[in-house]
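Biologist: Could you take me through one part of this model in detail, please? I would like a close look at how one chain is built, and then how its partner compares.

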Amino acid sequence: MASGSEITPSEYIAHHLSNLTMKVGEGDFWTINLDSLIMSVIVGVIGLGVFWLAAQRATSGVPGRFQSFVEIMLEFIDNTVKDVFPGDRSFLAPLALTIFVLVFMMNLVDLIPIDFVATLMGALGVHKWKAVPSSDLNVTFAMSFTVFAFIIYFSFKAKGVGGFLHELFTAPFGAHPVLWIPNLAINIIELVAKPVSLGMRLFGNMYAGELIFMLLGLLGMLGGAYTAGSIVLSWGWAVFHILIIILQAFIFMVLSTVYIAMAHEHH
Amino acid sequence: MAQFFAVVQGYMALGIGLIIGLGALGACVGIGIMGSKFLESAARQPELIPQLQKFMFLLAGLIDAAFLIGVGIAMFFGFANPLLSAIK
């Protein structure tokens, strides 16, 4: 990294993997990861701003390239949501689009080489900056627990409070009072597994991706053939990572849509 | 003191290797089975290939999920080991 100073491998990785934190209260729970917060706001504004701009400039005549691109995206998301949820998708499809664009933009930051970000932030005087918001467990869990809140809200709305509680206690085994506890256990596990797996899947993919970039960079520190090999492998991993980024955004969106659609179903 | 560190780190290295190795085993076998079924059904009904492809990518992401979560956790233990900081 810096010429002249010896940095051990674990220091390099620890430096690149630590968040810029800010305490707003007592203890570890009340620390905010400022870098994830600021980066997610920036990528959110850019990503959603593109679509807002397209809406401002939309014409009903022959569309230009920008409007066609946005229309293709919208149709793709609309068809995906329509496959999963045949009912009224005036809320679900925009939610799916927002999730897809946000997650994709957050993941896209991972393609910027880590040392570029580190030297840029170092020049601005900030010494710890983890640039990818979706490699922060707080951000991914925030999104997946928001989806969880929607699941609960739509469960109540589609089945009624009494209906939903009845279903919690009597599905899937049956209505006999002996079966209430097993039913409740299974339903709670199923309900909790959804947001946890959603958040951790995105976090694991992005965190492991960043870490492999860093490890390949460390391999380049050994000099000579190792540096050449590390450049080639970093390029190869970056190309593979482009697929992973799009795939993970798509999976997050489709699973959120499927979970919310399932919340509308009656057993 | 140094011996505590050595013991924890030694077992940690083994643990990380097992997590990543066994996870990779499961993920690869899963993708192999899914891929073979996809190829079979693509050969039977080639007109369905675009739809099946969409589901195949979705399933690939789901199958890799537990493996990558394991890699994330294993790497976290490799570099910011909470077990070691408990000793300090």
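This is a predicted model: local features need pLDDT of at least 70, side-chain atom pairs count only at pLDDT 80 or more; totals for chains, interfaces and linings use all residues.

Modeller: The C-alpha trace of chain A extends over about 75 × 60 × 40 Å along its principal axes. Of the 267 residues in chain A, 28% are buried. If you take the contacts in chain A between residues at least 6 apart in sequence, 65% of them link residues at least 24 apart.

Now for the place where chain A meets its partner. Here chain A contributes 17 residues and chain B contributes 12 residues. On the chain B side of this contact, 10 residues are nonpolar and two are polar, with no charged residues.

As for chain B itself, its secondary structure consists of three helices and zero strands, giving the pattern α-α-α along the sequence. The C-alpha trace of chain B spans about 65 × 15 × 10 Å along its principal axes. Buried residues account for 12% of the 88 residues in chain B. Finally, among chain B contacts between residues at least 6 apart in sequence, 84% bring together residues at least 24 apart.

Definitions and conventions:
Residues are numbered from 1 along each chain as its sequence is written. Chains are lettered from A and ligands numbered from 1 in the order in which they are written. A residue is buried if 20 or more other C-beta atoms lie within 10 Å of its own, exposed if 12 or fewer, and partly exposed in between; C-beta atoms are placed from the backbone. Two residues are in contact if their C-beta atoms, placed from the backbone, lie within 7 Å. Ala, Val, Leu, Ile, Met, Phe, Trp, Tyr, Cys and Pro count as nonpolar, Asp, Glu, Lys and Arg as charged, and the others, Gly among them, as polar. Helices (H or I, at least four residues) and strands (E, at least two) are DSSP runs, numbered from the N terminus.
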